[in-house]
Amino acid sequence: MTTPVTTTPDTPSLQPERPSLGAGEIYAGVLVLLIGLIFLALQVMSHTSSRSDSFIVKDNALILDRKELFLNLRNYIFILTAIIGSILLLKRRLFGWIAVTAILGLAILIVSWSIVQYIMLRQYDIVFGIVAAMEFFLVLALLILCSPSSRKKFRAGKIAFIPALLFLAILIGLYLLQ
């Protein structure tokens, strides 16, 4: 007959305690949460002030614009992934690390493309400086999350990069299919 295992303050717990998050991981989580909330605010403003005909009711029939519906769905997936992923990252969950890494990768690609366009147009104004600073902060957050100490906190070994890259490829595919 086995006796149940109980823990007291004198005995160590059976679950190994995860190290607490450092300032870098908190920075990355809050940055992606902020990105998700900004996109959510932009989406809400777009719907409240929209004059586009994304759907029309005509003769008791609902007519949907597929392109507009797909764009909205793409934005909702990005927003949900950013918000849920950053919350899970701040709760030290592996899925949070995977989602935030993919979101940061997508954001870096989008901002990099903006920088390339500014360079091609030879527009070096204050907006170019802001976009370059955004790129720096995004790359910094991604480097922090990919550091060995951060990966150890989330138990994200080398194999965890596969779902992160797969998720990034799905997000890129959603953004390229317009």
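Which residues does Ser 20 touch, not counting residues up to four places away in sequence? Ser 20 touches Arg 92 and Lys 153, where contact means heavy atoms within 4.5 Å.

This is a predicted model, in which local features need pLDDT of at least 70 and side-chain atom pairs count only at pLDDT 80 or more, while totals for chains, interfaces and linings use all residues. Residues are numbered from 1 along each chain as its sequence is written, and side-chain values use heavy atoms, with hydrogens and water left out.

**The chain**

The chain has six helices and two strands. Helices (H or I, at least four residues) and strands (E, at least two) are DSSP runs, numbered from the N terminus. Along the sequence the pattern reads α-β-β-α-α-α-α-α. The chain contains 178 residues, and 32% of them are buried. Buried means under 20% relative accessible area, exposed means over 50%, and partly exposed lies in between (1.4 Å probe, protein chains only). Of the contacts between residues at least 6 apart in sequence, 73% join residues at least 24 apart.

Ser 20 sits in the segment before α1. Its relative accessible area is 53%, so Ser 20 is exposed. The C-alpha atoms of Ser 20 and Leu 90 are 9.8 Å apart in space, although the two residues are 70 residues apart in sequence.

Tyr 76 belongs to helix α2. With a relative accessible area of 36%, Tyr 76 is partly exposed. Leaving aside neighbours within four places in sequence, Tyr 76 is in contact with Gln 43 and His 47. Tyr 76 and Gly 36 are 40 residues apart along the chain, and 9.7 Å separates their C-alpha atoms.

The table gives the lengths of two helices. The expected span of a helix is 1.5 Å times one less than its number of residues.

| Helix | Number of residues | First to last C-alpha | Expected span |
|---|---|---|---|
| α2 | 25 residues | 36 Å | 36 Å |
| α6 | 16 residues | 22 Å | 22 Å |

Helix α6 covers residues 161-176. The buried residues of α6 are Ala 164, Leu 168, Leu 171, Leu 174 and Tyr 175. They lie on the same side of α6 because they cover an arc of only 120° around the axis; the arc is that of the directions from the helix axis to the C-beta atoms. The face of α6 turned away from this buried side carries the exposed residues Ile 162, Leu 165, Leu 166 and Leu 176. What do the buried residues of α6 pack against? They pack against α1, α2 (66-90) and α3.

Helix α2 has buried residues that include Asn 72, Arg 74, Phe 78, Ile 83 and Leu 89. The buried residues of α2 pack against α1, α3, α4 and α6.

**Positive phi angles**

Just after α2, Arg 92 takes a positive phi of about 65°. Arg 92 is also one of the residues that Ser 20 touches.

Arg 122 lies in the loop between α3 and α4. The phi of Arg 122 is near 55°, a positive value in a residue other than glycine. Is Arg 122 buried or exposed? Arg 122 counts as exposed, because its relative accessibility is 68%.

Arg 155 is found in the loop between α5 (148-153) and α6. Phi is near 55° for Arg 155, a positive value in a residue other than glycine. Arg 155 has a relative accessible area of 47%, so Arg 155 is partly exposed.

**The largest pocket**

The largest pocket has a volume of about 310 Å³. On a 1 Å grid over the protein atoms alone, a pocket is an open set of points where a 1.4 Å probe fits, with protein on both sides within 12 Å along at least five of seven lines; lining residues have an atom within 4 Å of a point. Grid points are joined across faces, edges and corners, and the volume is the space filled by probe spheres set on the points.

The largest pocket is lined by 14 residues, and those closest to its centre are Ile 35, Ala 107, Val 111, Met 134 and Leu 138. Helices α1 (23-48), α3 (94-121) and α4 (126-145) each supply at least two residues of this lining. The most comes from α1, which gives five residues.

By class, the lining has 13 nonpolar residues, one polar residue and no charged residues. Ala, Val, Leu, Ile, Met, Phe, Trp, Tyr, Cys and Pro count as nonpolar, Asp, Glu, Lys and Arg as charged, and the others, Gly among them, as polar.
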